[in-house]
Protein chains: 4
Amino acid sequence: MKLLGARISRLEKGLVEISTHNRPEFSQQDGFVHAGVCASLADSAGGYAALSLLPLGSRVLSVEFKMNFTRPAIGDTLRGRGRVRKLGKTIAVCELEVETRQRGKWVSCAWGSQTVYCIRGD
Amino acid sequence: MKLLGARISRLEKGLVEISTHNRPEFSQQDGFVHAGVCASLADSAGGYAALSLLPLGSRVLSVEFKMNFTRPAIGDTLRGRGRVRKLGKTIAVCELEVETRQRGKWVSCAWGSQTVYCIRGD
Amino acid sequence: MKLLGARISRLEKGLVEISTHNRPEFSQQDGFVHAGVCASLADSAGGYAALSLLPLGSRVLSVEFKMNFTRPAIGDTLRGRGRVRKLGKTIAVCELEVETRQRGKWVSCAWGSQTVYCIRGD
Amino acid sequence: MKLLGARISRLEKGLVEISTHNRPEFSQQDGFVHAGVCASLADSAGGYAALSLLPLGSRVLSVEFKMNFTRPAIGDTLRGRGRVRKLGKTIAVCELEVETRQRGKWVSCAWGSQTVYCIRGD
């Protein structure tokens with residue numbers, strides 16, 4: 001997240017957003033933010049969202065995630081959001097979304113799902 | 001890819017590898033390379049693999065990808081590989097894999113699939 | 001859908017539900033409805049949801065789908081729901097959900113995403 | 001599997017195939033085998049492939065799967081194949097493939113990945 005200059009911008013039980021300012025080096029040849037950057041923000045947000053529901057000292061690992069890229073990612077700010085849809089004993093399922101701010105308005109550009117493995121702390 | 005210091009290390013028709021040296025800032029809290037970094041390498045490799053089969057001037061867009069993370073990503077070098085499994089008129093399906101080099105040996109740490117939308121050049 | 005005795009139980013622009021009564025032959029060894037049955041209902045619902053937004057005479061094809069199975073699928077009735085999240089010129093992205101009715105209450109047991117290829121009619 | 005008239009046609013450690021004869025009621029409006037039927041065969045094959053590597057008395061549950069549909073599924077026979085790519089303590093990752101036999105030749109029509117939760121017997 002340091003590499004992307006990202007920080008947690010919203011933190012609730014089961015819902016986390018991670019934001020960063022867009023930078024030229026996030027973009028691919030055609031000026032859109034790289035799918036990997038979007039996926040990084042989303043994956044981190046989902047992991048933290050799961051962590052927010054677990055006891056202190058717990059750890060999480062991404063088992064898998066899938067993202068659909070629905071709109072070109074352009075804009076001055078990016079944010080990834082993770083929301084826990086189901087928390088089991090060892091596995092959490094999160095909904096992921098990535099939005100960009102374009103002329104003051106947030107637009108969804110990627111959406112997906114994630115399985116998180118939860119190693120519960122004491 | 002510049003952000004990750006990555007470069008194309010293998011380029012065949014329908015098969016592309018992208019490699020980079022591991023760096024501390026790629027890692028998350030527990031010392032493993034972030035899932036998003038792995039996904040970035042893999043997604044780029046898949047896109048280039050599709051592009052390698054298309055006429056000059058073509059462009060590609062990731063429609064979606066999914067990655068399963070099968071082993072902790074540790075090691076001195078990372079590489080993502082994309083291989084086209086099916087090329088249709090407008091859609092290509094690629095197999096993605098990420099490997100890390102640990103004590104001179106390549107170990108697979110992530111594996112997945114990708115749908116690429118192909119805008120064919122003339 | 002005939003094989004599953006399923007029928008469309010809700011039809012709005014961009015939102016379709018397909019329902020069926022649960023039957024012993026839908027279940028696997030442990031009494032839960034087979035993941036493939038759930039996926040079938042969801043995939044069909046998503047395809048019809050996309051179709052509901054397209055001109056008459058259009059056709060749709062599933063490019064891919066992914067389902068997370070979040071709870072054991074038990075109950076007397078099953079329903080799959082597809083909702084279009086993004087309709088592009090040739091590609092639609094749908095959210096899929098499968099619910100079962102257990103003692104009169106609907107419970108979500110699977111959730112996922114789908115890419116649909118749209119061949120527009122005249 | 002009974003509903004589809006399917007049976008295990010190949011069984012090795014970590015690799016299982018499940019086959020069935022194609023039937024009119026497997027097809028959707030355009031004569032192709034329904035994506036859900038393909039997914040059912042593949043999901044079952046993957047589950048059994050994981051089970052084949054576990055101690056007697058173990059059970060498996062699909063956590064998630066994703067399928068890309070790469071060619072129209074037509075032909076007289078269908079088979080789904082599951083191959084374990086990584087077996088961990090509680091989670092297995094399988095590669096899934098569905099093939100149809102067309103004029104005596106097997107053709108791949110769907111390909112994907114699956115996460116299986118393993119409840120180990122004694």
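Predicted model: local features only at pLDDT ≥ 70, side-chain atom pairs only at ≥ 80, totals over all residues.
Residues are numbered from 1 along each chain as its sequence is written, and chains are lettered from A, and ligands numbered from 1, in the order in which they are written. Local features need pLDDT of at least 70 and side-chain atom pairs count only at pLDDT 80 or more, whereas totals for chains, interfaces and linings use all residues, and side-chain values use heavy atoms, with hydrogens and water left out.

In chains A and B, the axes of helix 1 (residues 35-51) of each chain come within 8 Å and cross at roughly 155°, where axes are lines fitted to C-alpha atoms, for helices over the stretch in contact, and angles run from 0 to 180 degrees between N-to-C directions. Helices (H or I, at least four residues) and strands (E, at least two) are DSSP runs, numbered from the N terminus. Helix 1 of chain A and helix 1 of chain B are therefore roughly antiparallel, a term for angles over 145 degrees. The contact, meaning heavy atoms within 4.5 Å, is made by Ala35(A), Gly36(A), Val37(A), Ser40(A) and Asp43(A) on one side and Ala35(B), Gly36(B), Val37(B), Ser40(B) and Asp43(B) on the other.

In chains C and D, the axes of helix 1 (residues 35-51) of chain C and helix 1 (residues 35-51) of chain D likewise come within 8 Å, crossing at roughly 155°, and these two helices are therefore roughly antiparallel to each other. Their contact involves Ala35(C), Gly36(C), Val37(C), Ser40(C) and Asp43(C) from chain C, together with Ala35(D), Gly36(D), Val37(D), Ser40(D) and Asp43(D) from chain D.

Over all chains, the structure holds zero disulfides, a disulfide being a pair of cysteine sulfur atoms within 2.5 Å. For Cys94(C), the nearest cysteine sulfur is that of Cys118(C), 7.9 Å away, which is too far for a bond. Cys94(C) counts as buried because its relative accessibility is 0%, the term meaning under 20% relative accessible area (1.4 Å probe, protein chains only). Cys118(C) is also buried, with a relative accessible area of 4%.

In chain B, Val98(B) lies in strand 5 (residues 91-102) and, at 0% relative accessibility, counts as buried. Apart from neighbours within four places in sequence, Val98(B) is in contact with residues including Cys38(B), Ala42(B), Met67(B), Arg79(B) and Val107(B). The C-alpha atoms of Val98(B) and Thr115(B), 17 residues apart along the chain, are separated by 17 Å.

Terms used:
Parallel < 35°, antiparallel > 145°, perpendicular 65-115°, else oblique. Buried < 20%, exposed > 50% of the residue type's maximum accessible area, 1.4 Å probe, protein only.
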